Amino acid sequence: MFLFHYGTTWQTKFWREESWVALGRDLLGRFPESSVLLSWGNDSEHQVVMRIAAAIGTGARVIDRYPLKG
(Lines give C-alpha, C1' and ligand atoms only; values in the text may rest on other atoms or scores of the structure.)
Protein backbone atom coordinates (compact mmCIF):
# COMPACT_ATOMS: atom_id res chain seq x y z
CA MET A 1 0.00 0.00 0.00
CA PHE A 2 1.21 3.48 -0.87
CA LEU A 3 -0.03 6.71 0.67
CA PHE A 4 0.16 9.93 -1.31
CA HIS A 5 -0.57 13.14 0.56
CA TYR A 6 -1.50 16.05 -1.66
CA GLY A 7 -1.26 19.10 0.53
CA THR A 8 1.02 21.90 1.61
CA THR A 9 0.71 25.45 2.82
CA TRP A 10 3.18 26.75 0.21
CA GLN A 11 1.95 26.97 -3.37
CA THR A 12 5.51 26.51 -4.66
CA LYS A 13 5.70 23.04 -3.06
CA PHE A 14 2.76 21.51 -4.94
CA TRP A 15 3.77 18.76 -7.35
CA ARG A 16 2.01 18.67 -10.73
CA GLU A 17 -1.03 16.43 -11.05
CA GLU A 18 0.52 14.68 -14.04
CA SER A 19 3.52 13.70 -11.90
CA TRP A 20 1.29 12.16 -9.20
CA VAL A 21 -0.58 10.22 -11.88
CA ALA A 22 2.63 8.97 -13.49
CA LEU A 23 4.02 7.89 -10.11
CA GLY A 24 0.81 6.11 -9.15
CA ARG A 25 0.59 4.25 -12.46
CA ASP A 26 4.25 3.29 -12.29
CA LEU A 27 3.96 1.94 -8.74
CA LEU A 28 0.81 -0.03 -9.51
CA GLY A 29 2.47 -1.38 -12.66
CA ARG A 30 5.41 -2.63 -10.59
CA PHE A 31 3.30 -3.77 -7.65
CA PRO A 32 -0.10 -4.73 -9.10
CA GLU A 33 -1.37 -6.18 -5.81
CA SER A 34 -0.87 -2.83 -4.08
CA SER A 35 -3.11 0.18 -3.82
CA VAL A 36 -2.55 3.91 -3.76
CA LEU A 37 -4.40 5.86 -1.09
CA LEU A 38 -4.67 9.61 -1.51
CA SER A 39 -5.12 11.97 1.43
CA TRP A 40 -5.93 15.67 1.38
CA GLY A 41 -6.25 18.64 3.70
CA ASN A 42 -8.88 21.05 2.35
CA ASP A 43 -11.70 21.17 -0.19
CA SER A 44 -9.58 22.33 -3.12
CA GLU A 45 -7.02 19.57 -2.42
CA HIS A 46 -9.87 17.07 -2.27
CA GLN A 47 -10.95 18.05 -5.78
CA VAL A 48 -7.40 17.56 -7.05
CA VAL A 49 -6.94 14.12 -5.45
CA MET A 50 -10.27 13.01 -6.91
CA ARG A 51 -8.91 13.84 -10.38
CA ILE A 52 -5.57 12.16 -9.62
CA ALA A 53 -7.24 8.97 -8.38
CA ALA A 54 -9.50 8.85 -11.45
CA ALA A 55 -6.51 9.30 -13.76
CA ILE A 56 -4.47 6.60 -12.00
CA GLY A 57 -7.41 4.24 -12.32
CA THR A 58 -8.06 0.93 -10.61
CA GLY A 59 -6.07 0.60 -7.43
CA ALA A 60 -6.25 4.28 -6.45
CA ARG A 61 -8.64 5.52 -3.80
CA VAL A 62 -9.26 8.82 -2.02
CA ILE A 63 -9.51 8.37 1.73
CA ASP A 64 -11.60 10.37 4.18
CA ARG A 65 -10.11 13.45 5.74
CA TYR A 66 -8.45 12.71 9.06
CA PRO A 67 -6.72 14.95 11.60
CA LEU A 68 -2.96 14.56 11.85
CA LYS A 69 -3.28 12.31 14.87
CA GLY A 70 -5.73 10.09 12.97
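Trp15 is partly exposed, because its relative accessibility of 42% falls between the limits for buried (under 20% relative accessible area) and exposed (over 50%), computed with a 1.4 Å probe on protein chains only. Trp15 forms an edge-to-face aromatic pair with Trp20, at 5.1 Å centre to centre and 80° between the planes. This is a predicted model, in which local features need pLDDT of at least 70 and side-chain atom pairs count only at pLDDT 80 or more, whereas totals for chains, interfaces and linings use all residues. Residues are numbered from 1 along each chain as its sequence is written, and side-chain values use heavy atoms, with hydrogens and water left out.

**Aromatic pairs**

- A pair of aromatic rings is described by the distance of the centres and the angle of the planes.
- Rings of Phe, Tyr and Trp (its six-membered ring) pair if their centres lie within 6.5 Å; planes under 30 degrees apart count as stacked, over 60 as edge-to-face and the rest as tilted.
- Four aromatic pairs are found in a search of the whole structure.
- One of them is the tilted pair of Phe2 and Phe31, with 5.9 Å centre to centre and 45° between the planes.
- This pair links distant parts of the chain, 29 residues apart: Phe2 belongs to strand β1 (residues 2-6), and Phe31 to the loop between α1 and β2 (36-40).
- Helices (H or I, at least four residues) and strands (E, at least two) are DSSP runs, numbered from the N terminus.
- Phe2 is partly exposed at 23% relative accessibility, and Phe31 is partly exposed at 41%.
- Trp20 is buried, with a relative accessibility of 13%.
- Ring pairs join Phe4, Tyr6, Trp15 and Trp20 into a cluster.

**Packing of α1 and α2**

- Helix α1 (residues 17-30) packs with helix α2 (residues 43-56) at an angle of about 40°, and their axes are 9 Å apart.
- Axes are lines fitted to C-alpha atoms, for helices over the stretch in contact, and angles run from 0 to 180 degrees between N-to-C directions.
- The angle makes α1 oblique to α2, a class left over once angles under 35 degrees count as roughly parallel, over 145 as roughly antiparallel and 65 to 115 as roughly perpendicular.
- The crossing of α1 past α2 is right-handed, a term for a near helix turned clockwise from the far one by less than a right angle, with anticlockwise being left-handed.
- On the α1 side, Glu17, Trp20, Val21, Gly24, Arg25 and Leu28 meet Val48, Arg51, Ile52, Ala55 and Ile56 of α2, where contact means heavy atoms within 4.5 Å.
- The residues of this contact comprise seven nonpolar, one polar and three charged; Ala, Val, Leu, Ile, Met, Phe, Trp, Tyr, Cys and Pro count as nonpolar, Asp, Glu, Lys and Arg as charged, and the others, Gly among them, as polar.

**Individual positions**

- Ser19, in helix α1, is buried at 16% relative accessible area.
- Asn42 occupies the loop between β2 and α2 and is partly exposed at 32% relative accessibility.
- From C-alpha to C-alpha, Asn42 and Arg65 are 8.4 Å apart in space and 23 residues apart in sequence.
- Thr58, in the loop between α2 and β3 (60-62), is exposed at 81% relative accessibility.
- Thr58 and Asp43 are 15 residues apart in sequence, and their C-alpha atoms are 23 Å apart in space.
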